Amino acid sequence: ILNARNRKETQKIAEYFNPSTRIGEYVNKITNGLFQRVSYNSLEGKFELTKGEDTLLRIEQLSQGELSQLYFAIRLALGSKCIDKGFLVMEEPFLSSDDERMEEQLRLLKNFVNMGWQIIGLTGKDQVKKKLLENGGRLVGELKRII
């Protein structure tokens with residue numbers, strides 16, 4: 001019974017991770033074409049990325065930065081697949097991104113804002129705060145360290 005239930009749930013999840021979700025498109029933009037495609041292996045319940053023409057990488061083979069950027073793309077893609085516009089909270093979405101990839105991620109976020117999305121980003125990095133402000137963001141508040 002549990003195996004049948006697991007297969008059914010995995011099939012449901014796989015429906016959200018088909019090419020129409022644009023995950024691959026977003027990852028391709030963020031990585032400046034390093035990854036060509038993103039697919040979801042429903043048998044294993046894991047993502048796989050195609051690097052270059054035909055090098056298939058399993059999620060375990062990604063660097064921390066690549067993994068972070070994949071998760072960023074998944075959040076955007078699932079959000080836009082489920083609703084036209086909404087509210088998105090992101091904590092440290094650029095933590096493992098170099099400047100070039102952060103710029104691409106900011107362009108994607110700006111497109112979402114232009115479509116009517118409200119986005120709140122939480123960060124402790126001054127560089128990220130500066131980039132967000134340069135790209136039209138607003139600093140709403142700053143938490144002060146208690147200890």
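Predicted model: local features only at pLDDT ≥ 70, side-chain atom pairs only at ≥ 80, totals over all residues.

Biologist: OK, how do β1 and β2 run, and how many bridges join them?

Modeller: Strand β1 (residues 35-41) and strand β2 (residues 46-51) run antiparallel and are joined by 6 bridges; strands are DSSP runs of E with at least two residues, helices are runs of H or I with at least four, and both are numbered from the N terminus. Two strands pair if DSSP finds at least two bridges between them. Val38 stands opposite Leu49 in β2, and in the hairpin, with 4 residues between the strands, Gly45 has a positive phi near 70°.

Biologist: Which residue does Glu44 form a salt bridge with?

Modeller: Glu44 forms one with Arg58, with the closest N and O atoms 2.7 Å apart, where a salt bridge means a side-chain nitrogen of Lys or Arg within 4 Å of a carboxyl oxygen of Asp or Glu. Glu44 is in the loop between β1 and β2, while Arg58 is in strand β3 (residues 55-58), 14 residues apart.

Biologist: And what else is linked in that network?

Modeller: The network of salt bridges links Glu44, Lys46, Arg58 and Glu60. Glu60 pairs with Lys46 at 2.5 Å between the closest N and O atoms, and Arg58 also meets Glu60 at 3.3 Å, N to O.

Biologist: New topic: is Thr31 buried or exposed?

Modeller: Thr31 counts as buried because its relative accessibility is 7%; buried means under 20% relative accessible area, exposed over 50%, and partly exposed in between, using a 1.4 Å probe and protein chains only. Thr31 lies in the loop between α2 (23-30) and β1, and, leaving aside neighbours within four places in sequence, Thr31 is in contact (heavy atoms within 4.5 Å) with Gln69 and Arg101.

Biologist: Last one, how much space lies in the largest pocket?

Modeller: About 1000 Å³ lies there, counting the space filled by probe spheres set on grid points joined across faces, edges and corners. On a 1 Å grid over the protein atoms alone, a pocket is an open set of points where a 1.4 Å probe fits, with protein on both sides within 12 Å along at least five of seven lines, and lining residues have an atom within 4 Å of a point. Of the 29 residues that line the largest pocket, the closest to its centre are Ile119, Ile120, Gly121, Leu132 and Arg138.

Key. Residues numbered from 1 in each chain as written. Heavy atoms only, no water.
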